[in-house]
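I opened this model to look up a few contacts.

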Amino acid sequence: MVKMKFLFPLFMNIICLGISYFAHEYIGGQIPLNFKILGYIIIVIALYNIIRTLSLVRLNRSAKKISMDANTLIKSGPFKYSRNPIYLGFLLILIGFALVLGSFSGFLGGFFYFLIADLWSIPNEEQKLIQIFGESYLTYKRQVRKWL
């Protein structure tokens with residue numbers, strides 16, 4: 001069960017990539033200018049952000065997912081700018097993918113990902129972080145934005 005909870009953001013991202021692709025194919029709505037290069041740049045930056053965040057988590061020997069019993073509240077690196085840098089990275093991948101597709105409807109997957117993460121996944125994780133770290137996490141939460 002723990003492994004599935006860890007893989008949920010990745011699984012959700014893959015599903016939303018599929019939604020973006022099918023929306024592009026069946027709904028259309030071409031973007032008038034070519035933003036493919038910008039899309040690829042955003043994807044590379046997002047992948048770098050995810051890898052950097054996971055390296056920092058591993059270096060601090062903290063859980064990759066709060067459901068795996070985090071033992072260190074990391075406030076450095078990408079966590080200085082976003083409380084959820086991995087979710088942000090996955091969202092940026094979806095935005096970049098939509099730009100590569102060159103389709104307004106390609107942003108549909110990113111929209112669904114944002115809603116699911118922002119309204120369900122992140123609040124559940126934050127409740128667990130409050131239980132584990134208490135006032136320390138609440139202070140961090142007041143200082144750092146949820147997304148960026």
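**Ground rules.** I am working with a predicted model, where local features need pLDDT of at least 70, side-chain atom pairs count only at pLDDT 80 or more, and totals for chains, interfaces and linings use all residues. Residues are numbered from 1 along each chain as its sequence is written, and side-chain values use heavy atoms, with hydrogens and water left out.

**Helix pair.** I looked up α3 (residues 85–101) and α4 (residues 108–133). Helices here are DSSP runs of H or I with at least four residues, and strands are runs of E with at least two, numbered from the N terminus. The two axes come within 9 Å and cross at roughly 170°. Axes are lines fitted to C-alpha atoms, for helices over the stretch in contact, and angles run from 0 to 180 degrees between N-to-C directions. α3 and α4 are therefore roughly antiparallel, a label for angles over 145 degrees.

Which residues of α3 meet α4? I noted Y87, F90, L91 and L94. On the α4 side I found G109, G110, Y113, F114, A117, S121, I122 and E125. Contact means heavy atoms within 4.5 Å. The residues of this contact divide into eight nonpolar, three polar and one charged. Asp, Glu, Lys and Arg count as charged; Ala, Val, Leu, Ile, Met, Phe, Trp, Tyr, Cys and Pro as nonpolar; the others, Gly among them, as polar.

**Aromatic rings.** How many aromatic pairs does the structure hold? I found eight. Rings of Phe, Tyr and Trp (its six-membered ring) pair if their centres lie within 6.5 Å; planes under 30 degrees apart are stacked, over 60 edge-to-face, the rest tilted.

Y87 and Y113 have ring centres 6.4 Å apart and planes at 45°, so this pair is tilted. Y87 lies in α3 and Y113 in α4, so the pair ties together parts 26 residues apart in sequence. Both Y87 and Y113 are buried, meaning under 20% relative accessible area (1.4 Å probe, protein chains only).

Y137 and Y140 make another tilted pair, 5.9 Å centre to centre with 55° between the planes. They sit in α5 (residues 135–143), three residues apart, about one turn of the helix. Both Y137 and Y140 are buried. Ring pairs also link Y21, F22 and Y26 into a cluster.

**V144.** I found V144 in the segment after α5. Is V144 buried or exposed? V144 counts as buried, at 8% relative accessibility. Leaving aside neighbours within four places in sequence, V144 is in contact with F79, K80, Y81, S82 and R83.

Technical notes. Angles under 35 degrees count as roughly parallel, over 145 as roughly antiparallel, 65 to 115 as roughly perpendicular and the rest as oblique. Buried means under 20% relative accessible area, exposed over 50%, partly exposed in between (1.4 Å probe, protein chains only).
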